[in-house]
Amino acid sequence: MNGSFSAWAIVAALASGVGAAACDGGSGGSSGDIENACDLLTTNEVTAFMGTPMYGGEQDTDRTIPGTFCTWASKDYVGEEQENPEYSIFVDESSTDEARESFDSRENAKQPETVRGLGDGAYFYVKGTADVPFLELRVGDRIMTVGVSESDLHPVSEDEAKRLERAAAELIVDRLRN
C-alpha cells in the first residue's frame, strides 16, 4: 500500500459520512471565527513545533459530549497497517459549566502542576494511564485540554510533552485573544 493508513482511514470516514472530518486547520482569524478545535491551530503551525510533517486536523464528529475535539497526526508510519501508535497532538475544547468547574477544582487532575503566564490559567496533569502529562488551559470561558502521544519513531518524554503542549497552547491563546 502506498501512503499512510491514516490517509485511507480519513478518506473512508469522509466517504461514508461518519466518524471524522478532515480540517485544513486554523482559521487564522479572530476568536469569533473559531467553530471547532481544528480552527485553533494550523497544520503549518503544528508541523513547525512538532518537528515533522503532520496531516491536517481531523475533527471528531461522533462526539456525544459537548465541545469539539481535533487531532493532528504525523505523516510518519511504520509498516503497512501502521501497527504503532501515531505521533500526534490533540485539542479537546469544552466550554460547559461542568468543564469550567472541573478546571477550577482540578477535580480530575492527578499531580497538577501550575503553568504560569499562559491564558487565564493552565496546569499540567496526568490523566488515567497516560505516560505523559496533558495541559489543561483556560482562555475566557473556554476550557481546552492539549495532549501529545508518542510513537516508536517519535518517543516523547515528560519534558518534551510539556514543551510541545505549551507551544500549542501559546498559539491557541494568541488566536483566541486576537
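Analyst: Start with handedness: a crossing is left-handed if the near helix is turned anticlockwise from the far one by less than a right angle, and right-handed if clockwise. Helices (H or I, at least four residues) and strands (E, at least two) are DSSP runs, numbered from the N terminus. This is a predicted model, where local features need pLDDT of at least 70, side-chain atom pairs count only at pLDDT 80 or more, and totals for chains, interfaces and linings use all residues. Residues are numbered from 1 along each chain as its sequence is written, and side-chain values use heavy atoms, with hydrogens and water left out.

User: Which handedness does the crossing of α2 and α4 have?

Analyst: The crossing of these two helices, α2 and α4, is right-handed.

User: At what angle do α2 and α4 pack?

Analyst: Two packed helices are described by the angle between their axes and the distance between the axes. Here α2 (residues 43-50) and α4 (residues 158-177) pack at about 150°, their axes 10 Å apart. Axes are lines fitted to C-alpha atoms, for helices over the stretch in contact, and angles run from 0 to 180 degrees between N-to-C directions. The pair α2 and α4 is therefore roughly antiparallel (an angle over 145 degrees).

User: Which residues of α2 make the contact?

Analyst: Contact means heavy atoms within 4.5 Å. Glu45, Phe49 and Met50 of α2 make it, with α4 residues including Leu164 and Arg175.

User: What does Met50 touch beyond its neighbours within four places in sequence?

Analyst: Met50 is in contact with Tyr87, Ser88, Ile89, Val148 and Leu164.

Technical notes:
Parallel < 35°, antiparallel > 145°, perpendicular 65-115°, else oblique.
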